[in-house]
Amino acid sequence: MTAARTYPARRDDVRLLVVDAGAGELHERRTTALPALLSPGDLLVVNDAATLPASLRGHDVTGAPVEARLISSDTERGAGHFWAVLFGAGNWRQRTEDRSPPPALATGARLRFGPLAAEVVALSSLSPRLVALRLAGSDDEVWAALYQEGRPVQYSYLAHDLPLWAVQTVYAGRPWAFEMPSAGRPLSWEILLALRRNGVRWASLTHAAGLSSTGDPALDAALPLPERFDIPAATVAAIAETRRQGGRVIAVGTTVVRALEGGSAPDGTLRAGSGVTSLRIIPGYRPRVVDGLLSGIHTAAESHFAVLAAFAPFDLLRSAERYAEAHQFKSHELGDAMLILPRRHAVDRPLLSCAP
Amino acid sequence: MNTTHETKSAPAALVTGGSRGLGRALAVALAGAGFRVVLVAREHGPLDQVVAEIRARGGQAHGIAADVADRDAVAAIAGQAAALVGSIDLLVNNASTLGPVPLRLLLDTDCEDLSRALEVNLVAPFRLTKAFAGAMVLRGSGTIVNISSDAGVEAYPRWGAYGASKAALEQLGRIWAAELAGTGVRVLTVDPGEMNTRMHADALPEADPATLADPERVASGIVALLSAEGPGAAASGARLAVRGDERKTAEGRTS
C-alpha cells in the first residue's frame, strides 16, 4: 500500500472503503457520503484529543544530539512528567528504523531542548530508548516552552513538514494526543452536521493516543503502552440510549475503541470518568461496547489490523486489503478511509442506503 | 484500569488582548466571577502583571505571550490554553489594532495598514474561533464574544481601517451564529462604547478622560450579560451595546 505523501485537497473528500460485515460485501464510496452510510439512531464516537507538538530536538550535556518524542503522560509522577522515546542524530526524513540510537543516558541525566530543561528520572525495561522525563518549570512555563520548541511528530514518507494546525481534527480540545488521532481527519463540520440532521448522533471522549511506531522492534511489539482516557457522562448516556434503540456505536479510530473497551467492565457496562487502560486488542477479541469502526487503511502487517478484525471477518478484511492495494488506496495519517459496519442488530433495518 | 469520577470544574475563559484596557478589565472581572482565565497578549511584562494580580485576589489565571495575528501561533494558543484549563467555555476576541495612528483619511492610509487591521481585527478572531468552536459544538455549549465598536456601524471619517475591520467582524459573527444555530454555541458582538483606555487615547488624544467610561465598569456589565440565563440570556447573533455609564457616552464621538 502506498502512503499518502501530502494532504488531500479537501479534508473530508477522500476515498472510503466500506466493509459491510453484515452482507460480507465491499463498497467503494467517498467520505463525503458518510451521512448516507449511517442510519438514524447510530452513534459516532470521536476522540477529541488535540495533537501535541510531541517532538523535541535538543542535546545532552556533552552536546550529543537527542530527539525526544513524548509518548505518554507519566500520570504516576504527575505534572511535567512524560514518557519519551529518544533518538540520536538524524531527522524525520529518515525512517525511525534507520535513526541512530540516542547517547546512553542514566537516571539523572540532563537534556536541553531550547529553553526547556529536562531530566531523565527513570529508565524503562522495555527499551533503552524509552525514558521517563521531567520537564522543568511551572505548568505555565512547561506548556509555553513545549509549544514554542516542540513540533508535531513527523513522518518520513511525507513530502513536507506537518505544522501543528495540520495535525488537528476539526473538534480538537484538550491536547492529550502524542500523535494525531487520524481516523477523525476526514470529518468536517459539513459531514458531522449532516449526520446529525439525518438522526445520527455523535459523542466524544478524550484518549491520549501514543506513538504508533518507534523504530525499535522490542518497543514496537509492546505498543500501545498504557494510555489515559476520559469519558464524559453524556457519552456514556448516549451509548446506553443507542443500545436501547438498537443503533450502532461506531468508533472513529482505534483510540476510541481502546478507551471504550478498556474503560468498560467485562459485562459491557461503562462508567463516566477518567482512567488508564492497558488493553491490547488481539485477534479473537470480542468488543463489548463498540459495533463498528471508521479508520484509516491498514494492512494485515500492522497491529491496527487486529483491531479491525474485532469488527469484521478476517477473510473479508483481507479482501478489503487486496481491493485497496489493487485500486491504489492511500494509507497512513493523511490517506484514505475505511468504514467497517457491523452485522445488523435485532432491530431490522437496511444497512446501506446505496447500491454498490 | 482506574476510574475516578470527573468533577464539574469552574468554567474557563480565554481573553485576547488581555494585558491592557478592556481585555485586562474583562479578565479580572471574569476571574472574579469564578472563571479560570487564560490571557493572551504580545508582551510578557504587562501580561504577567495581570496574571499576578488575578492570582493575588484568589483567582486562577494563566498568561500566554503570543501575537494573535501570527497564523502559526493560533494552534499553539489553543493547545496551551486547553492544556492549562481544559475545555474553553468562553472565547473573548478582544485584541484589536486601530491601524495607522494618528488616524488617517482613507486616501492617506497605506494598503499595508488596512491589511494589518484586517489581519488582527478580523482574521485572527476567525482563526481563534475556528480553533475553539469545534470543541464547543462537540460538547454542545460555549460562547464566543467579539468586541466591536460603533465605528463598525457608523462611517466616521479617519476610522476607515478600524471601522471596516469591525464591520466585517460583526458580519462574520452573524454568519457564525447562523451556521451554529442549534448547536448550543452562541456568538455575540459587544460594542463597549468609548472607554478610558490607551487605545482611545491613541485614537483621540484630545478627548477628556473624564467623559469616558471606566473599562472596569464596562467589563462588569459584559460579565453580567454573559452570566444571564433563561429568557434574559443574550441570543446568539445579537449585537449588544454595553456602557459603563450612559451619561458619559451621551456626547458621542467627534470626527
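Two exercises with worked solutions follow, on a predicted model.

Residues are numbered from 1 along each chain as written, with chains lettered from A and ligands numbered from 1 in written order. Local features need pLDDT of at least 70 and side-chain atom pairs count only at pLDDT 80 or more, while totals for chains, interfaces and linings use all residues.

**Exercise 1.** Describe the contact between chain A and chain B.

Solution. Start with the counts: 29 residues of chain A and 22 residues of chain B take part (residues are in contact if their C-beta atoms, placed from the backbone, lie within 7 Å). Next, helix H2 (139–149) and strand S14 (273–277) of chain A each supply at least two residues of the side of chain A that touches chain B (DSSP runs numbered from the N terminus: helices H or I, at least four residues; strands E, at least two).

**Exercise 2.** How do H2(A) and helix H3 (residues 73–85) of chain B pack?

Solution. Their angle is about 155° and their axes are 10 Å apart (axes are lines fitted to C-alpha atoms, for helices over the stretch in contact; angles run from 0 to 180 degrees between N-to-C directions). H2(A) is therefore roughly antiparallel to H3(B), a term for angles over 145 degrees. Finally, list the residues: A:Asp139, A:Asp140, A:Trp143, A:Ala144 and A:Tyr147 in H2(A) meet B:Ala76, B:Gly79, B:Gln80, B:Ala83 and B:Leu84 in H3(B). By class, this contact of H2(A) with H3(B) has six nonpolar, two polar and two charged residues (Ala, Val, Leu, Ile, Met, Phe, Trp, Tyr, Cys and Pro count as nonpolar, Asp, Glu, Lys and Arg as charged, the others, Gly among them, as polar). On the side of chain A that touches chain B, the classes are 14 nonpolar, nine polar and six charged residues.

How values were computed. Two residues are in contact if their C-beta atoms, placed from the backbone, lie within 7 Å. Angles under 35 degrees count as roughly parallel, over 145 as roughly antiparallel, 65 to 115 as roughly perpendicular and the rest as oblique.
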